[in-house]
Amino acid sequence: MSTQPAPQPLTYQDLMGRISAPGEGRSITDPATGQEVGRSPAGTVADLNAAVAVARSAQPGWGARSHGERSGYLNAAADAVEASAEALAELLSREQGKPLNGPNARFEVGACSAWLRAAAAFELEPEVVVDDGETHAVVHYRPLGVVGAIGPWNWPMMISVWQIAPSLRMGNTVVLKPSEYTPLSVLGLAAVLNQVLPEGLLQVIPGGRDVGEALSGHADVDKIMFTGSTATGKAIIRSSADTVKRLTLELGGNDAGIVLDDVDPQAIAEDLFWGAFINTGQTCAAMKRLYVPEAIYEQVCDALVEVAAKMPMGVGLDENNVLGPLQNQAQYDVVARLVDAAKASGARVLIGGEPESGQPGYFYPTTLIADIDNANPLVAEEQFGPALPIIRYSTIEEAVEMANGLDVGLGASVWSADPARAREVAARIEAGTVWINKHGAVDPRIPFGGVKQSGYGLEFGVAGLKALGVPQVIAG
């Protein structure tokens, strides 16, 4: 393998000097304070076309390298992330709003290096599928070519790595369009990674909807990876149809958690809380609705309130905070509308539900809502924020029916003192992943993907690598 240059540890000022365009582009503001973080370059369709051309030119040489060589570069990229981890975390906190501590900014940067190393470590050997003395058939996985990645604003660095790492490992090049809300985080991440990656493998083009549409329909882009809303996913499917692109779509979820009647509410309360409120609820696979049996309903509600009351919310750079603002005004308005609908219906507010007026930032207080009907908009629609409805049920059959009643199915969870009983219930839930006594615990070794309108295709693990390759069968 060629020797990679040693990554240079970057300060926050170094990083911003490389990616921000003072006096140009679009102003990006901190959702906690309203202060300007920096200015994002304004990418155009012409910029995108140029980037795709560079990626197409660079791909054959990269694809010709061995898996071992490409893995070496991914490990070097992980080293680069770790060398500049604090600068990346500060940028992420300022732009996205999430606090440095808790399962937030530093956690996300750490996940970037972990996923890079995991993608580097998986073994992907040719698969002999028939060898009977007459026929010998082997499945190989070849590079696709150019992968177009379109990322979200909630975990902008980590989800970008979910797209970048397996794509590069499989010999593809990547052109990435970040969310318009968090372009600086992704530009910063790419600046760090490109210290050690060969030129042309990874390019980031910030821009608006026109850039995203051009990427998803581009004739020289072989696959699109997208994480975001179901509505945008459907638009990508349509725009990619003429070129018959391969797609991996991780779309919206409205994950259900089902508590069984044999749990200790105090023992599970903190894990329940973080299953719902990780990243202040702005996570596709966070728990968005919680089903609790009548026998322990009030005890679970009380235990959750006790945990929620202890979790400080505020500006992300304050080391004491573990919850932050909503990332943007549009998402704040969604949460406020849904909580207001719950209150208007007569549901019981256990904590929160009354945002302070006149304060800077898109802060919505941690909110727990009890005695709410399963058809209420706060339950039926994805809130994507710090508000959790807690729905009472009588029988397991009723709970499973309610959990399965929506047209999405990304994740779900079952909570029980008896893992075997929990697995029996889990097998009846329509979701791509069902966790036992935890929620949203994604793992780079374990395939992840949704069912129904939560998307299709798998990420992570060897299955995720295969989804970034073209299977070729050689038989004879």
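Visitor: What makes up the span of residues 27–467, and how far apart are its end C-alpha atoms?
Guide: In this predicted model, residues 27–467 are 40% helix and 20% strand, and the end C-alpha atoms lie 36 Å apart. The span comes from UniProt, where an unreviewed entry gives it the feature "domain: Aldehyde dehydrogenase".

Visitor: Why is domain 1 written in two pieces?
Guide: The domain assignment gives domain 1 as 10–250 + 453–473, with domain 2 at 253–434. Taken over C-alpha atoms, the centres of the two domains are 30 Å apart.

Visitor: What makes the two domains count as being in contact?
Guide: Contact asks for heavy atoms within 4.5 Å. Here 26 residues from domain 1 and 30 residues from domain 2 take part, so by that cut-off the two domains do touch.

Visitor: Why is the pair of arginine 106 and glutamate 319 called a salt bridge?
Guide: The side chains meet at 2.9 Å, N to O. The cut-off is 4 Å, so the pair qualifies. Across the interface of domain 1 and domain 2 the rule finds one salt bridge, along with 12 residue pairs in polar contact. Helix α4 (residues 85–96) gives five residues, the largest share of the side of domain 1 that touches domain 2. By class, that side has eight nonpolar, 12 polar and six charged residues.

Visitor: And how do you know that glutamate 381 and arginine 337 form a salt bridge?
Guide: Same test: 3.1 Å, N to O, falls within 4 Å, so this pair counts as well. The two are 44 residues apart in the chain: glutamate 381 sits in the loop between α13 (377–380) and β14 (387–393), and arginine 337 in helix α12 (residues 329–344). The structure holds 22 salt bridges.

Conventions
Residues numbered from 1 in each chain as written. Predicted model: local features only at pLDDT ≥ 70, side-chain atom pairs only at ≥ 80, totals over all residues. Heavy atoms only, no water. Domains from an automatic or database assignment. Polar contact = N/O pair within 3.5 Å; in protein donor to acceptor, adjacent residues only side chain to side chain. Helix = DSSP H or I, 4+ residues; strand = E, 2+ residues; numbered from the N terminus. Nonpolar A, V, L, I, M, F, W, Y, C, P; charged D, E, K, R; others polar. UniProt positions renumbered as here; feature names shortened; annotations may be inferred.
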